[in-house]
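Here are my notes on this one, written as numbered points. Keep the model open while you read and look up each spot as we get to it.

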Amino acid sequence: MFKFFLVKLAQLVPTFIGVTIVAFAFIRLLPGDPILLMAGERGISAERYAELKAQMGFDRSLVAQYFDFLKGLLHGDLGNSLVTHSPVMDEFMSRFPATLELSLFALAFAVIIGLPAGVLAAVKRGKTLDHTVMGVSLTGYSMPIFWWGLLLIMLFSSTLGWTPVSGRISFLYFIDSVTGFMTIDSLIAGDWGAFLSALHHLVLPAIVLGTIPLAVIARQTRSSMLEVLGEDYVRTARAKGLSNFRVIMVHTLRNALISVVTVIGLQVGLLLAGAILTETIFSWPGIGKWMIDAISRRDYPSVQGGLVLIAFIVMIVNLLVDIAYGVINPRIRH
Amino acid sequence: MKKTLLAAGIAAMMLGATPVMAKTLVYCSEGSPEGFDPSLYTAGTTFDASSKTVYNRLVQFKPGTTEVEPAIAKSWEISDDGLEVTFHLRDDVKFQTTDFFTPSRKLNADDVIWTFERQMDENNPYYKLANGSFEYFNSMSMGELIKSIEKVDDHTVKFVLTKPNAPFVANLAMDFASIHSKEYEQQLLDEGKPELANQQPIGTGPFQFVNYREDAAIRYQANPDYFRGKQPIDNLVFAITSDAQVRYQKLMAGECHVMPFPNPSDVEEMKQNDDINVLQEAGLNVAYLAYNTQQAPFDKPEVRKALNMAINKQAIIDAVFQGAGEVAKNPIPPTMWGYNDDIQDDQYDPEQAKQMLADAGVENLKMNIWAMPVQRPYMPNARRTAELMQSDLAKVGVDAEIVTYEWGEYLKRSSDTKREGAVILGWTGDNGDPDNFMGVLLGCDGVGGANRSQWCHQPFDELIQKARTLSDQGERAKLYEQAQEIFKEQAPWDTLAHSTVFMPIRKEVTGYKIDPLGGHSFEGVDIK
């Protein structure tokens, strides 16, 4: 098992180097220049432009800039934002808990609804319920997040007044950040009202962000369940006279879950990608919104640093999924 | 509608989180500030969150106008030769007392001198910290203009200039000239954390900074020591909401009281809403089409005028601005002093335009029209505008191709003197002075830079240069009026439009005034 872990870890090294190259190149391949954007219609003199370029280190060759970036990265230094002048690592870490909190709630929503829906669809295969669940999940999967978010805001926030339109907590509360999770920090502060407000603000964004993973999980659960339901041991279990509930929950679902767990792990990348749009719609102060701002301002250090950190998180989660899979199914280790 | 506010208010009351009777105004701002030191940045979003709330300047624009009035300076005088400007400071101005700073003295001349030294003295620690990157100060050439700043006494400061410059006083009303506390910044230096000046600002303004949750909200409270008296509202919150549609939903739901930059297509619907007042005012801006006057055949004024006559500007106002604007005939907006209303615009007349092109020997003309890739306050949709122009020009036999680039590239390439074609661009005023439009955008100094028509016309430039040296506004206005006549004859641009600025606010908000310069200030604003 340890060898399996080492092999998986070693495989991360070339991937990570690839990620640094892509992240470094991505923002530079986009047309545009942070200095020109900053100057706007007013423009900037050639001398001042050259001066600023030198200050930011952009007058050096791309290779030299890349190795500087890599060197800093190995020391845990991603440089400073060109706009705020704060360390990129600090900016990322101060916003990441918001994204993580939203993603966890979205994932919980997706699993809590998606898993039973998939099981029901499999058990009622070919029936109206199955068609309904699969139809709804296909719709959910195909839903443009931006449109879906605005639709929910218009219905639940503007028309019905049930949920807040956007933000992370009511403006009445300013909770000191301890963990960065608003729900936990409000409990630490002992402010029940703030906690409820934080939960209230999580409802719509978690539903929007969780919709696609929900659809994926429901479909995957259904197909794994159908596969397992056809196995001999399930037939044997039924022949033994076990209750339908026991056959499904114990003999079928447990075996079907192996592939579902893998799919859930893979949703992390999808959630982080989806967070960019969701956070923009709901003014959620996480890394998605931060990245969008950084890209539009061509803030090179923030974009490349942010991309590397996000990719790193996805890689680690995938590694954990691989390891978990290896633990569940020893054949994978070989 | 008010359910959310009400529920939150009840919860807060029960839990004692916030004083219930406190009046809190929520402004759904369009973006995150880059920082809180207005001298370091150029973006309006940053100024709204810093200079407009926390700081004051020596002079200020009278709310809702571009007229300069006293602020920290109660009066000022300009020497006869225009080289010395002396400001007399109020003696009752206090810096804010917060959790992180308690001032030991009132504002005095040292603070004013410090404010400018930190932007121009290479030995000042804040200059070093920012690598001299005070872009607004630099782009207004303030460093070259100010020879020295002298402390006459504790409440009198004299600026000595290298040359007479009439817009100088108006420049000091701009955000970059916000007055910093020398005592606070020295304290931060002593503590080894000068960068905090950009995160925890201290000023003399109507609101004092409480805290900032990145990308989410900024919280201020009324400054009890404000020299014009405490504000009617107790708390001010900037709820950062980047999407215009979401801002609108929040306004309707009562989650914010004021929102900037509505989608033009939502304005009509907003006007029908009983809970919302839509304030509107002519923006201090201009959108234009700049020909490259250094390239044939656009080097001939008659060709440029013919093209101007071929373009139906009213159709652009109707289709692109959806009526939220007016046709421009001058390079400065009509609300600005010095505007020459006697100017006759080149009337839309395709037949005559065709004839004029033929007379100028121009046949089968092919040209590029540059369409900006972004929406700006003066131009809602440059692509659509370019398409309308393309169709108008086709009617007079001109084959126009639309080109565009990424915004930064667009700005850079459009400045090039060898650029092919005519560029759609615009400008929003900084200080309400005509020089800020005509000098910056059409002066010979701007060729290869902000002067996108690459137009250097000596008779025009001489008037502009002369107007800069005079201090009498009446005299200056006459020169600008003459300059506009020359401009119209020479037609380096087709002046397209002055857009209207909309500001939706909830009905319970009173005292809000639209800033023609595009800022958002909450001084004097109340909630009924």
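1. Let's start in a loop: Gln454(B) sits between α16 (435-442) and α17 (458-469) of chain B. Helices (H or I, at least four residues) and strands (E, at least two) are DSSP runs, numbered from the N terminus. Gln454(B) isn't a glycine, yet it has a positive phi of about 50°. Gln454(B) is also buried, with 23 other C-beta atoms within 10 Å. Buried means that 20 or more other C-beta atoms lie within 10 Å of a residue's own; 12 or fewer makes it exposed, in between is partly exposed, and C-beta atoms are placed from the backbone.

2. A quick word on the model: it is predicted, so local features need pLDDT of at least 70 and side-chain atom pairs count only at pLDDT 80 or more, while totals for chains, interfaces and linings use all residues. Residues are numbered from 1 along each chain as its sequence is written, and chains are lettered from A and ligands numbered from 1 in the order in which they are written.

3. Asp215(B) is another non-glycine with a positive phi, about 60°. Look for Asp215(B) in the loop between β8 (207-213) and β9 (217-222) of chain B. Asp215(B) is buried, with 24 other C-beta atoms within 10 Å.

4. One more loop, between β12 (285-290) and α11 (301-310) of chain B, holds Pro297(B). The peptide bond from Ala296(B) to Pro297(B) is cis, with omega about 0°.

5. Now zoom out. Chain B has 18 helices and 19 strands. Its radius of gyration (over C-alpha atoms) is 25 Å, close to the 24 Å from the globule rule (2.2 Å times the number of residues to the power 0.38) for 528 residues, so chain B is as compact as a globular protein of that length. Buried residues account for 52% of the 528.

6. Which residues of α3(B) are buried? Among them are Val112(B), Trp114(B) and Phe116(B). Their cover includes β5 (84-89), β6 (146-153) and α8 (182-190) of chain B.

7. Finally, the largest nonpolar core has 220 residues, and Leu58(B) is one of those with the most contacts inside it. Such a core is a set of buried Ala, Val, Leu, Ile, Met, Phe, Trp, Tyr and Cys residues joined through C-beta atoms within 7 Å. Beyond its neighbours within four places in sequence, Leu58(B) is in contact (C-beta atoms, placed from the backbone, within 7 Å) with residues including Phe87(B), Val112(B) and Leu172(B).

Notes: Contact = placed C-beta atoms within 7 Å.
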